[in-house]
Amino acid sequence: MKALKHSELKTLLDDKVEEYNTPRFIEHDPVIIPHSFQKKQDIEITAFWAAILAWGQRKTIINKCFELFDLMGNTPHDFILNHSESDLKSLESFKHRTFNYTDTLYFIEFLKWFYSAHDSLEEAFFVESEEEPMEAGLIKFHRMFFSLSDSPQRTRKHISTPLRKSACKRLNMFLRWMVRKDDKGVDFGIWKKIDQSDLFCPCDVHVEKIARRFQMISRKQLDWQAVKELTCYLRELDPKDPVKYDFALFGLGLEEKL
């Protein structure tokens with residue numbers, strides 16, 4: 001790709017956002033999982049789980065998520081709050097890569113604890129009066145998630161935090177789904193306390209490759225500082241909705257791969 005002026009790059013990326021931020025995107029992306037539900041809490045739970053399990057081939061991710069929620073009777077919020085010990089046994093067979101039964105049980109335990117006291121998972125991420133509220137929100141969520149006395153050490157690898165310099169790609173994708181609101185039908189925009197201007201861009205290999213090609217990232221390693229660097233650049237392109245460019249960068253990365 002040739003070097004582009006700032007205005008040319010914005011025009012290209014805006015065009016690619018329009019191309020990829022459409023309902024056609026849903027069918028082949030893990031976001032199809034929460035789009036299969038109507039209840040707010042079911043959308044949150046399935047979106048969170050789908051985002052956490054989103055590594056590997058997208059088709060496999062989607063199939064495994066449908067398998068998991070089928071084991072919950074496709075009513076995850078009700079299952080989490082009202083399951084019996086025998087209900088949990090049916091989940092023993094579920095595994096995706098390194099995510100196993102121990103992880104599944106702890107996710108259910110945390111979500112039951114949380115939803116017994118809160119109506120929306122947004123409360124676990126919402127932080128006021130911070131320069132970077134979503135950075136603080138990610139740290140808050142990680143601490144809360146592992147605050148239960150029996151949290152397994154092995155499960156910590158599945159929930160990232162900026163404190164460990166992680167790029168937090170999966171959680172940032174989940175937050176984009178829940179917070180971004182437009183009329184395109186991909187992102188849900190069902191959370192109202194968090195401002196979409198505060199979101200950070202989910203950064204996978206496709207996004208990273210294109211972002212480096214356009215010199216949006218100079219940092220060598222893909223870590224939290226690189227994500228902040230990329231998002232800062234995107235905020236210059238659109239201060240109110242910077243992570244919409246996730247569609248453009250991901251789409252351009254897919255085009256190049258194909």
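Biologist: Which residue lies over the face of phenylalanine 247?

Modeller: Arginine 176 does, at 4.3 Å from the ring centre. A charge sits over a ring if NZ of Lys or CZ of Arg is within 6 Å of the ring centre and within 35 degrees of the ring normal. Arginine 235 likewise lies over the face of phenylalanine 200, at 5.1 Å from the ring centre.

Biologist: Before we go on, what are we looking at?

Modeller: This is a predicted model, where local features need pLDDT of at least 70, side-chain atom pairs count only at pLDDT 80 or more, and totals for chains, interfaces and linings use all residues. Residues are numbered from 1 along each chain as its sequence is written, and side-chain values use heavy atoms, with hydrogens and water left out.

Biologist: How many aromatic pairs does a search of the whole structure find?

Modeller: It finds 26. Rings of Phe, Tyr and Trp (its six-membered ring) pair if their centres lie within 6.5 Å; planes under 30 degrees apart count as stacked, over 60 as edge-to-face and the rest as tilted.

Biologist: Why is the pair of phenylalanine 25 and phenylalanine 250 called edge-to-face?

Modeller: Their centres are 6.2 Å apart and their planes stand at 80°, so the pair is edge-to-face. Phenylalanine 25 is in the loop between helix 1 (6-20) and helix 2 (40-52), while phenylalanine 250 is in helix 12 (residues 245-257), 225 residues apart.

Biologist: What makes phenylalanine 25 count as buried?

Modeller: Buried means under 20% relative accessible area (exposed is over 50%, partly exposed in between, with a 1.4 Å probe and protein chains only). Phenylalanine 25 has 12% relative accessibility, so it counts as buried. Phenylalanine 250, at 11%, is buried too.

Notes: Helix = DSSP H or I, 4+ residues; strand = E, 2+ residues; numbered from the N terminus.
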